[in-house]
Structure formats: C-alpha cells, structure tokens
Amino acid sequence: HITPTVQQNQKTKLILILVLAFIIRLAGISSRPIWYDEAFSILISEQGPSAILNGTLAVDVDSSAAEEHPPAYYFMLWGWIQTFGNSLIAVRMLSILISLGIIFCIHQIAAHLFDPSTALTAAFISAILPFQIHYGQEIRMYVLLTFWLCLATLAFLKRQWIFFSVAAALAQYTHNLAAFYLIPLAFTPIFQKDWKTLRSLTLAGFASIILYSPWLIH
C-alpha cells in the first residue's frame, strides 16, 4: 500500500523529470539546422488542410506530392502554426511537448508493469536518451507516432479498449509503419493464452481498422 505522502513524492519526482526533459529539449532548437523533410513539414502544414490532403493523397507521379505518409501530424502542425506561428522555435515546441507526453506514458506503462521506482527510472532514462531528445526536437511525425503507440500500449495493459481503438487508429493516420508495432502487440494475448483479452482486443482491432478505413480506400 502506497501512502498519500509517498504518492505525492512520486508525483513531484515525475514533474521534476518532465521539467528536466523540457529543459534538455529546449537546448539548441533555434540553432539546429532544418533538413529537407522538416522544411517540407512546415511548408505543407502552413498551406492548410487542402494542401495537406493533396500532398498526402495524390498518387500521380506528375503531381507535386512529396509525402507518402498519412496526414495526422500535418493537420496537428497546421493547427499549431495557426495558434503559435511558424517560427522555428514555435514549430519545434510542438514536438517537444509531444515528447513530454511520451515520457509520461512510459512512466505509466512501467508503473503498471512494475513499481513506482522502476516507473521513475524509466521516465528518467527516456528524458535523457539522445535518441529521444533528437526526435523530440524534430519537425516530423515520428514523435507523434511514438506517443500514439505508447498510448495504445497503456490502453492495452489497462484493458481500455475504446482508447486502444482510437490510439491505434491515430497511430495509423500518423505513419504507415504503425501496424508493424500494433500487430505484434495484438499477438500478445495468444502467447499469454489469455483468450478473453484476445476476444476484446480483436474487436478493438477491428474498430481501429474501421476508423482507419477511409484512408485505406482513398
């Protein structure tokens, strides 16, 4: 049993880890050079929904489309730009905040699987990993994909199937390779011989496919 005082201490430590992660990810965001894909993300997003759909839906080789991934990140970045502008610091701040969400999700996953101390350790490692820091600053969809997949994993562990369906669908709307994580996750109940969970997960999986089907048939 965890006392309220211990719970408060755990929350305080998690907040400090998130603050540390935020400070680390702020370093160099205005001086780090933009590469081609980041420039494309800004260009297509600031042009608005019609340009985003055209740039991600078009399959004509003579069209101006240069993106093969779904549009979820670009729509989010468009909304962000409308609110905070398209400066380098502003657009990178979106990825930084999503990265903090990943750290929180990792903490929750570890807390569910192990114990509070392990959860804090996992969150701290995620906060300082160079790989996480790099993509936590990048103006691309990879950090958003990771966030949705972490949410789907947490929903799976907590048997929250509606949230799983939504997170899985959003992950697929973010990156074409999302299924390569979601399919192995769906096989987990088979290895555990947990047939009740398998039935629920199968229904949730079909629900996520239905949510994603408009993109599949475009």
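I call a crossing left-handed if the near helix is turned anticlockwise from the far one by less than a right angle, and right-handed if clockwise. I take helices (H or I, at least four residues) and strands (E, at least two) as DSSP runs, numbered from the N terminus.

I note that this is a predicted model, where local features need pLDDT of at least 70 and side-chain atom pairs count only at pLDDT 80 or more, while totals for chains, interfaces and linings use all residues. Residues are numbered from 1 along each chain as its sequence is written, and side-chain values use heavy atoms, with hydrogens and water left out.

Entry on H5 and H8. I looked up how H5 crosses H8 and found a left-handed crossing. H5 packs with helix H8 (residues 142–157) at an angle of about 25°, their axes being 9 Å apart. The pair is therefore roughly parallel (angles under 35 degrees; over 145 is roughly antiparallel, 65 to 115 roughly perpendicular and the rest oblique). The axes are lines fitted to C-alpha atoms, for helices over the stretch in contact, and angles run from 0 to 180 degrees between N-to-C directions. I list part of the contact (heavy atoms within 4.5 Å): H5 contributes residues including Ser95, Ile98, Cys105 and Leu113, and H8 residues including Val143, Phe147, Cys150 and Leu157. I sorted the contact residues into 13 nonpolar, seven polar and no charged. Here Ala, Val, Leu, Ile, Met, Phe, Trp, Tyr, Cys and Pro count as nonpolar, Asp, Glu, Lys and Arg as charged, and the others, Gly among them, as polar.

Entry on cysteines. How many disulfides are there? I count zero, taking a disulfide as a pair of cysteine sulfur atoms within 2.5 Å. Cys105 is in none, and its nearest cysteine sulfur, that of Cys150, is 5.7 Å away. I find Cys105 buried at a relative accessible area of 3%, buried meaning under 20%, exposed over 50% and partly exposed in between (1.4 Å probe, protein chains only). Cys150 also counts as buried, at 12% relative accessibility.

Entry on H2. In helix H2 (residues 36–46) I find Glu38, Phe40, Ser41, Ile42, Ile44 and Ser45 buried. The buried residues of H2 pack against helices H3 (49–57), H4 (72–84), H5 (88–113) and H7 (130–137). After H2 comes Gly48, with a positive phi near 105°.

Entry on Ser208. I place Ser208 in helix H11 (residues 195–216). Ser208 counts as buried, at 5% relative accessibility. Neighbours within four places in sequence aside, Ser208 contacts Ser165, Ala168, Ala169 and Gln172.
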